[in-house]
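Dear colleague,

Please find below the structure that I am handing over to you. My account of what was found in it comes after the sequence and coordinates.

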Amino acid sequence: MKRRVVITGIGVVAPNGATAAEFWKNCLALKSSVEPIPGHWFNYWRPLSRLWAPLPSIDFEARGIGRVERMQLDNSAILAILAAGEALESARLPFILSDEKKKLFSVAGFSGDRTAVFMGTGIGGIASFAANEGNHILSPCSVRLRQLDVPIDNLADVMRAPNRFNPFIVSMTMPNSCSAMLGIRFSITGPNQTVCTACASGTMAIGQAFEAIAAGTADAALAGGAEYLADDYGGVFRGFDTAKTLVKNCDDPETANCPFDRKRSGFLFAEGGSAVLVLEELSRALGRGAPVIAEVLSSAETFDAHSVMSIDPSAKQIRRMIARALDEANVTPGEIDYINTHGTATEQNDEIEARTIEAVFGTRPLINATKSLTGHTIGAAGAIETAITALSIARKTTHACKNLEEPVRPLNFVTTAGAFDIKTAFTQSFAFGGHNAGLVLREFTA
Amino acid sequence: MDPSYQQDPIFAKTVAVVCEVLKVKPETVTPQSRIKEDLGADSLDTVSLLMTLEDEFKEPISDDTAKTFVTFGDVVAYISSRKTATVTGV
């Protein structure tokens, strides 16, 4: 018999909110972060997409991340640390500094062998890798150009690179840095894993943490996703841009990002983000008087085996993933009150996802697309969406799909933020590669 | 080093960086303090210290130069010489 698993803490850093509270408030107010891409990126190519979702200003010092750490960690790991710290605080698990120099903390009743870390990331470390490659490649060029007495001042904006080859680059670019840093910082010595399944990473990481606790491998976990995609040259953006996945109708930043709308033209690239949840075995959570936000009933994964770059139009494996998740949760499609979709705003995803939801769930459940507010944070997206799904259950309200005027299918899209009786919810993510993942969450009742 | 060193702004900023990276108390940092033996820097700390000094003073420190640093006074003397060189255009 599987053990029951509950969410007791949530931390979020998203383009539209530097904390979970700010993120929640801005989502309800339909506030998103959409700006023109950095001007110097135009030095390198002529992008099809011209908008992105930058992160808000974050006071790192005030949130415990000093200069030394910022020079030695990729931003994806820093965002993960911020989200994890907030998640622990919201779970009423205070952390105490145990080693000032190494920045180690202990969390009473949480640190140790019975706690796990499962973090998802798509390409965690990529921005640091790009920066260091810039130094590696361009520094000798600069030296030679100077020797040739070629004026390089007019090339300086193109040849931008950090002054130093970062001695910490290996640990900065390892995708497992996010999960490793959470284990190190909070003295968590149980299973520590990185899930690297592109846009499904965050959902899958939470699913695997759920499975570990349900099976008894661990009693608690930090689980979620983190991503940071803004390399100084716009190369990551260019990759998605060249693949024609990004929003193309960029004339009006406010309305450009419109998942599930007939006018959609691609996804809004996000600078980065992270969400981390505290998951605990139920009796343990209740025993310490933890604030229970929602219960995780099930997780499921399937794989398309179709194309590394596009979703299978038949949605056969998505439907199998949904069926498995519902079956594991012992929930019928009719019991699902709310679905937080993958909802990227690409032509193909939204068409196939909407059609599949209609076929499996009908038109009753509320349908939401959090990416209409955050843009696409890749490996963090599923975790951010699980976080807002849990909060929507706990608070009996949810945000609306921004910019949805002409829905692609006649589903019950949330068009106005407000009160909704959400008891059971489903959140799903699909990914480049062909990964599909979903979680069933429910209002907690003893 | 001249005893008036404590009034030197470069000395004071360098002490602050050492305290920031190595988490030692300012009163324990003197020109004679050996970076490894007295201030407790291991190899990773030494790299962190160099990066933070570069960031603080906007002055690159090559690995070959860094190898010559034994005491805190060596670090201050190097940075002071570079800053003087910058001001005088040497």
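The notes below take the cores, then the helix packing in each chain, then the contact between the chains and some backbone details.

This is a predicted model, in which local features need pLDDT of at least 70 and side-chain atom pairs count only at pLDDT 80 or more, while totals for chains, interfaces and linings use all residues. Residues are numbered from 1 along each chain as its sequence is written, and chains are lettered from A and ligands numbered from 1 in the order in which they are written.

Cores

The largest nonpolar core has 140 residues, and the members that touch the most others are Ala80(A), Leu182(A), Ala209(A), Ala221(A), Leu277(A), Leu279(A) and Ala387(A). A nonpolar core here is a set of buried Ala, Val, Leu, Ile, Met, Phe, Trp, Tyr and Cys residues joined through C-beta atoms within 7 Å. A residue is buried if 20 or more other C-beta atoms lie within 10 Å of its own, exposed if 12 or fewer, and partly exposed in between, with C-beta atoms placed from the backbone. Helix H3 (residues 75-90) of chain A gives the largest share of this core, ten residues. Helices (H or I, at least four residues) and strands (E, at least two) are DSSP runs, numbered from the N terminus. Another core, of 20 residues, lies apart from it and includes Val18(B), Ala41(B), Leu50(B) and Phe69(B).

Neighbours within four places in sequence aside, the contacts of Ala221(A) are Thr115(A), Ala116(A), Val117(A), Phe118(A), Ala209(A), Ala212(A), Ile213(A) and Leu279(A). Two residues are in contact if their C-beta atoms, placed from the backbone, lie within 7 Å.

Helix packing in chain A

Helix H6 (residues 177-185) of chain A is mostly covered, with seven of its nine residues buried. These are Ser177(A), Cys178(A), Ser179(A), Met181(A), Leu182(A), Gly183(A) and Arg185(A). They pack against H3, strand E5 (104-107), strand E6 (115-120), helix H5 (169-173), strand E7 (192-195) and strand E8 (220-228) of chain A.

The axes of H3(A) and H6(A) are 9 Å apart, and the two helices pack at an angle of about 45°. H3(A) is therefore oblique to H6(A). Axes are lines fitted to C-alpha atoms, for helices over the stretch in contact, and angles run from 0 to 180 degrees between N-to-C directions. Angles under 35 degrees count as roughly parallel, over 145 as roughly antiparallel, 65 to 115 as roughly perpendicular and the rest as oblique. In this contact, Ser76(A), Ala77(A), Ala80(A), Ile81(A) and Ala84(A) of H3(A) meet Ser177(A), Cys178(A), Met181(A), Leu182(A) and Arg185(A) of H6(A).

In helix H1 (residues 20-28) of chain A, the buried residues are Ala20(A), Phe23(A), Trp24(A), Asn26(A) and Cys27(A). Their packing partners are strand E1 (5-13), H3, helix H12 (371-374) and helix H13 (381-395) of chain A.

Chain B holds four helices and zero strands. Of its 90 residues, 26% count as buried. Helix H1 (residues 9-22) and helix H2 (residues 43-57) of chain B have axes that come within 10 Å and cross at roughly 140°, so H1(B) and H2(B) are oblique to each other. From H1(B), Lys13(B), Val17(B), Val18(B), Glu20(B), Val21(B) and Leu22(B) meet Asp45(B), Ser48(B), Leu49(B), Thr52(B), Leu53(B) and Glu56(B) in H2(B).

Between the chains, eleven residues of chain B are in contact with nine residues of chain A. On the chain B side, H1 and H2 are the elements that give two or more residues, and H2(B) gives the largest share, six residues.

Positive phi values

Ala305(A), which is not a glycine, has a positive phi of about 50°. Ala305(A) is placed in the loop between strand E11 (294-303) and helix H10 (316-329) of chain A and counts as exposed, with 9 C-beta neighbours inside 10 Å. Lys58(B), also not a glycine, has a positive phi of about 50°. Lys58(B) is in the loop between H2 and helix H3 (63-67) of chain B and is exposed, with 9 other C-beta atoms within 10 Å.

With kind regards
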